[in-house]
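Work through the following exercises with the sequence and the model at hand, and try each task before reading its solution.

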Amino acid sequence: MEEAEAPEPQPAPGADAPAVPPPPSAQAPPPTPSEAIAAIRIRAPTRGNRRLEQLFDAVNADPQVKAWWHVAGINAARLGLTDHSWVHVQIVTNIALRLARLLFRRGIVPAMVSDHRMTERDAEVVIAAAALFHCVGMSIHRTDHEGYSLFLTADKLNGLLAGVYQEPERSVVVAEAMHAVISHRSKGRPLTIEGAIVRVADALDMAKGRSRVEFEAGRLDIHSISAYAIDEVRIAAGEEKAIRVEIEMSNSAGIFQVDEGLGAKLRGTPLAEHIEVIARIEGEHEKRLVPVFRL
């Protein structure tokens, strides 16, 4: 899933000389918090899942959650990381729901069904809730942000679901969502399909447009270079396995992103046996040492 990139700005007539950055006093001031969150709205296909629609309506009406997403994006920028704003949250939410529906279609049973005798639609609520809250802790700090995300989720999610579920079902949904949130940490060990889906969905937000800022800002290391080498990510129904993920790379440096990023998040999870990952190098300008890489 590749995010559409904004068009490159055209130079003004006669602007052939290198641009001189304006003095700090001349730079546009940042938006106020209210201005920054005004346009934020999470969109994802609900496929008639009324409880999922209610969750999205509640979170889209909540300025506190939107403020967390906004500050998370600011902290990521301060650290020179890829985007962790609401845009990342929306991408991960959409990827997670796509993975879930492909898995459920092939008979993979989520914990909400196998352990709680609820439904696949309830599992979608758990997955979406975890995707929405998985990195709100970045609004506090990158270090241990998964733990901070848990604290914020515990205070907020129960209220957002107050009109969606009665007890004890509501507390079950919250607990399973929080399990999925903490499972996305680097050494997380998801015990549920739902937790594994969120963990892998987070890693699949890797297309080139997501790394452009840090790469073009001059942060040149294996992380930024390998991320920049990812051109496109496609998620579809598989043949031998439930899901086939195809990754197009312009450079073999992208293998690091696929193996150390996605591979590390996928291995050892309940999804490992259900997802096939194929990465191809399409660039003609380099010697193809590894034209196809599989997980």
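A crossing of two helices is called left-handed if the near helix is turned anticlockwise from the far one by less than a right angle, and right-handed if clockwise. The model is predicted, so that local features need pLDDT of at least 70 and side-chain atom pairs count only at pLDDT 80 or more, while totals for chains, interfaces and linings use all residues. Residues are numbered from 1 along each chain as its sequence is written, and side-chain values use heavy atoms, with hydrogens and water left out.

**Exercise 1. Describe how α4 packs against α6.**

Solution. Two packed helices are described by the angle between their axes and the distance between the axes. Helices (H or I, at least four residues) and strands (E, at least two) are DSSP runs numbered from the N terminus, and axes are lines fitted to C-alpha atoms, for helices over the stretch in contact, with angles running from 0 to 180 degrees between N-to-C directions.

Step 1: for α4 (residues 86–105) and α6 (residues 120–133), the angle is about 155° and the axes lie 9 Å apart. This makes the two helices roughly antiparallel, given that angles under 35 degrees count as roughly parallel, over 145 as roughly antiparallel, 65 to 115 as roughly perpendicular and the rest as oblique.

Step 2: the crossing of α4 past α6 is right-handed.

Step 3: with contact taken as heavy atoms within 4.5 Å, α4 contributes V89, V92, T93, A96, L97, A100, R101 and F104, which meet E120, A123, E124, I127, A128, A131 and L132 of α6. Sorted by class, this contact has 11 nonpolar, one polar and three charged residues, where Ala, Val, Leu, Ile, Met, Phe, Trp, Tyr, Cys and Pro count as nonpolar, Asp, Glu, Lys and Arg as charged, and the others, Gly among them, as polar.

**Exercise 2. Is H134 buried or exposed, and which residues does H134 touch?**

Solution. Step 1: H134 belongs to the loop between α6 and α7 (145–160). Step 2: its relative accessible area is 1%, and therefore H134 is buried (buried means under 20% relative accessible area, exposed over 50%, partly exposed in between, with a 1.4 Å probe and protein chains only). Step 3: not counting residues up to four places away in sequence, H134 touches H88, V92, H145, S149, V181, H184, V198 and D202. For H145, which is 11 residues from H134 along the chain, the C-alpha separation is 8.9 Å.

**Exercise 3. Examine the backbone at R117, D144 and P168.**

Solution. Most residues other than glycine have a negative phi, and most peptide bonds are trans. Step 1: R117, in the loop between α5 (111–114) and α6, has a positive phi near 55°, and R117 is exposed at a relative accessible area of 80%. Step 2: D144, in the loop between α6 and α7, has a positive phi near 60°, and D144 is partly exposed at 47%. Step 3: the peptide bond from E167 to P168 is cis, with omega near 10°, and P168 lies in the loop between α7 and α8 (169–183).

**Exercise 4. Where does pLDDT stay under 50?**

Solution. Step 1: pLDDT is the predictor's confidence in each residue, from 0 to 100; its mean over the chain is 83, and 79% of residues reach 70 or more. Step 2: pLDDT stays under 50 over residues 1–21, for which the model has 13 contacts beyond four places in sequence. Residues 211–218 are likewise below 50, and this stretch has 16 contacts beyond near neighbours in sequence. Step 3: where pLDDT is low, the predicted coordinates should not be read in detail.
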